[in-house]
Amino acid sequence: MSRKAWTRLIPNYLILSLFLLIIILPIIGLVLSAFKTDTEIIKGPFALPEQWTLDTFENAWTTGRFNYFFRNSVLVTVVVVIVSVFLSTLTGYAFGLLPVPGRKVLFPLLLLGYMVPFEAVIIPLYHFMDTLHLTDTYWALILPQVGLSVSFGTLWMSSFFRNAPKELVDAAAIDGCNRWQVLWRILWPLSRPAVLTLVVLVFMWTWNEFLLALVMVQKETMRTLPVGLAFFQGRYSANIPLMAAGSLIVAGPILLVYILFQRYFIRGMLGGSIKG
Amino acid sequence: MQVQHRWPGESRFHGWLYILPGLIIYLVFIFYPILETIRTSFYQWDGFSSNRSFIGLENYVSLLNDSQFLQALLNNLTFIIFYSIIPIIIGLALASLLGRKRLPGMAFFRAGLFLPQILSMVVVGVTWRWIFNPVFGPLNMGLRALGLETLTQSWLGDFNLALPSVGSIGTWVQYGFCMILFLAGMQRIPEDQYEAAELDGANGFNQFLYITIPNLRAELGVALVTTIIAAMRVFDLVYVTTRGGPGDSTLVTGFLVYRSAFQQNRIGFAAAVATVMTVIIFVISLFILRLQSRTEGEQ
């Protein structure tokens with residue numbers, strides 16, 4: 001690009017930078033706070049900490065019990081992602097490429113879940129889980145989340161399978177593949193972008209889910225990270241370094257996944273996935 | 001479409017084998033509770049005693065006169081201004097200012113602008129509660145440093161300021177999303193439309209009104225519906241920042257459902273609020289699905 005062309009772009013970069021800064025500055029302030037002492041906080045959000053130590057993180061991790069919350073969140077999220085993506089692949093494949101008697105009823109029935117907020121299910125769900133003695137267990141956090149994710153996942157995967165190359169499927173069928181083999185040997189390797197998008201979206205929704213875990217869990221050691229952080233704030237709201245460290249523990253893993261798979265996040269969310 | 005047909009020797013219900021595992025989990029843990037919520041909304045129940053009494057539409061009738069519910073609904077509608085209208089205006093203004101020039105390094109800006117979308121609302125709430133803190137929050141500290149002591153406020157503690165303060169967090173979350181959506185849409189508009197308008201002597205504003213806006217119809221639809229639903233569903237953010245207070249000044253329907261059901265044991269009432277909330281969200285969602293299927297049809 002010529003020098004003149006660059007100069008003409010400067011105003012554009014300035015505008016973009018301004019709006020980027022408004023988003024980034026609070027996050028930078030949060031990160032810095034996590035390394036500060038209580039007294040350093042009042043020197044201003046962007047004053048650098050005198051000593052970069054991880055003490056506050058350690059404090060949140062052990063005394064604040066974020067070690068438990070982290071374990072719970074990782075366990076619930078990993079199980080929900082694996083189970084939801086597997087089941088959504090099956091349902092999506094069936095609705096996309098197989099004859100399904102009753103599809104006119106079953107497909108919209110499943111999609112209903114894609115549109116409802118957790119508020120619409122949480123009250124009976126709580127009493128239901130309570131009757132089964134499943135509150136304060138991982139089941140209460142995993143099963144409803146899988147149900148909700150399968151709803152969106154079916155929509156997402158079925159549109160992928162509908163557009164899959166039919167010649168490949170036909171050729172495989174002529175070679176003697178059955179339906180199951182067609183799915184896993186022929187189509188699954190092609191579905192990587194669609195599956196990865198679904199993985200990151202389900203990961204994000206599960207990791208950040210709040211109401212379900214808030215209602216289903218009473219025991220402190222069973223809390224997930226967002227609920228743990230919310231209660232933590234009730235107790236230590238004046239201790240900014242501790243709150244910041246806790247927030248970063250909650251946001252860290254999702255940030256990492258975002259940095260690695262940014263493309264898939266943005267594609268999925270611009271595609272109009274309306275959860276979250 | 002051949003593959004939709006039954007293969008030789010295949011059972012008519014073969015497809016069901018693939019659907020059943022997912023469908024059963026969905027039916028038991030999502031669909032059945034939805035129906036139960038609707039049923040519960042016709043009862044009066046405290047949540048633990050065995051006597052539920054059927055009261056028909058009484059919960060819904062009482063909603064019409066319930067000051068808490070009306071306040072909550074009004075606050076959700078106010079949030080639409082902050083979650084939807086302002087971010088869309090910012091997004092449109094920015095998209096048309098930046099035009100359709102491809103900027104090197106746009107991926108970096110896109111990643112940053114999109115960031116609030118992926119964060120837990122609890123983290124966002126904790127961060128902004130600190131920023132808004134009257135004593136050691138950066139906002140008031142900044143105002144004091146600028147000598148604007150008189151402008152410092154108890155942002156989240158003031159009856160009049162709490163709602164716009166929480167709402168502006170919503171603006172912070174949503175505007176990057178709208179910008180990226182519209183910028184992506186702008187890339188699709190054919191250059192010759194603007195050239196023709198230029199020749200006809202249309203000024204920048206008219207070009208924006210008659211070329212940019214109509215061409216961004218699909219993106220506008222997605223942005224409107226996504227952000228409006230976000231405004232209707234606010235829960236985590238209010239829970240963390242204000243718990244609906246001070247008074248009920250930041251109460252929203254999601255929080256009212258939670259409070260009535262799990263803190264005040266007014267199960268039937270809470271179910272009625274949840275049902276109304278769901279119906280509103282539903283109508284908006286149906287709208288986006290129709291819109292999407294229409295744009296898909298065009299491609």
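The model is predicted: local features need pLDDT of at least 70, side-chain atom pairs count only at pLDDT 80 or more, and totals for chains, interfaces and linings use all residues. Residues are numbered from 1 along each chain as its sequence is written, while chains are lettered from A and ligands numbered from 1 in the order in which they are written.

**Chain contact**

Between the chains, 77 residues of chain A are in contact with 84 residues of chain B. Two residues are in contact if their C-beta atoms, placed from the backbone, lie within 7 Å. On the side of chain A that touches chain B, helix H13 (residues 240-270) gives the most, with twelve residues. By class, that side of chain A has 59 nonpolar, 14 polar and four charged residues. Here Ala, Val, Leu, Ile, Met, Phe, Trp, Tyr, Cys and Pro count as nonpolar, Asp, Glu, Lys and Arg as charged, and the others, Gly among them, as polar. Helices (H or I, at least four residues) and strands (E, at least two) are DSSP runs, numbered from the N terminus.

**Packing around H4(B)**

Helix H4 (residues 106-114) of chain B packs against helices of both chains. The table lists the two pairs. Axes are lines fitted to C-alpha atoms, for helices over the stretch in contact, and angles run from 0 to 180 degrees between N-to-C directions.

| Helix pair | Axes come within | Crossing angle |
|---|---|---|
| H1(A) (residues 3-34) and H4(B) (residues 106-114) | 9 Å | roughly 35° |
| H4(B) and H7(B) (residues 162-186) | 8 Å | roughly 145° |

H1(A) and H4(B) cross in a left-handed sense: the near helix is turned anticlockwise from the far one by less than a right angle (clockwise would be right-handed). From H1(A), Leu16(A), Phe19(A), Leu20(A), Ile23(A) and Ile24(A) meet Phe109(B), Gly112(B) and Leu113(B) of H4(B). This contact has seven nonpolar, one polar and no charged residues.

Within chain B, Arg110(B), Leu113(B) and Phe114(B) of H4(B) meet Gly176(B), Phe177(B), Met179(B) and Ile180(B) of H7(B). That contact divides into five nonpolar, one polar and one charged residue. Leu113(B) takes part in the contact with H1(A) and in the contact with H7(B).

Trp172(B) also lies in H7 of chain B. Leaving out residues up to four places away in sequence, Trp172(B) touches Ile23(A) and Pro116(B). Phe82(B) is 90 residues from Trp172(B) in sequence, with 9.0 Å between their C-alpha atoms. Trp172(B) is partly exposed, with 19 C-beta neighbours inside 10 Å. A residue is buried if 20 or more other C-beta atoms lie within 10 Å of its own, exposed if 12 or fewer, and partly exposed in between, with C-beta atoms placed from the backbone.

**Backbone sites**

Most residues other than glycine have a negative phi, and most peptide bonds are trans. His133(A) is not a glycine, yet its phi is positive, about 55°. His133(A) sits in the loop between H6 (119-131) and H7 (138-162) of chain A. His133(A) is exposed, with 10 other C-beta atoms within 10 Å.

The loop between H11 (236-241) and H12 (253-262) of chain B holds Pro246(B). A cis peptide bond joins Gly245(B) to Pro246(B), with omega about -5°. Arg243(B) is in the loop between H11 and H12 of chain B. Arg243(B), not a glycine, has a positive phi of about 50°. Arg243(B) is partly exposed, with 14 C-beta neighbours inside 10 Å.

Just after H8(B), Gly201(B) has a positive phi of about 80°.
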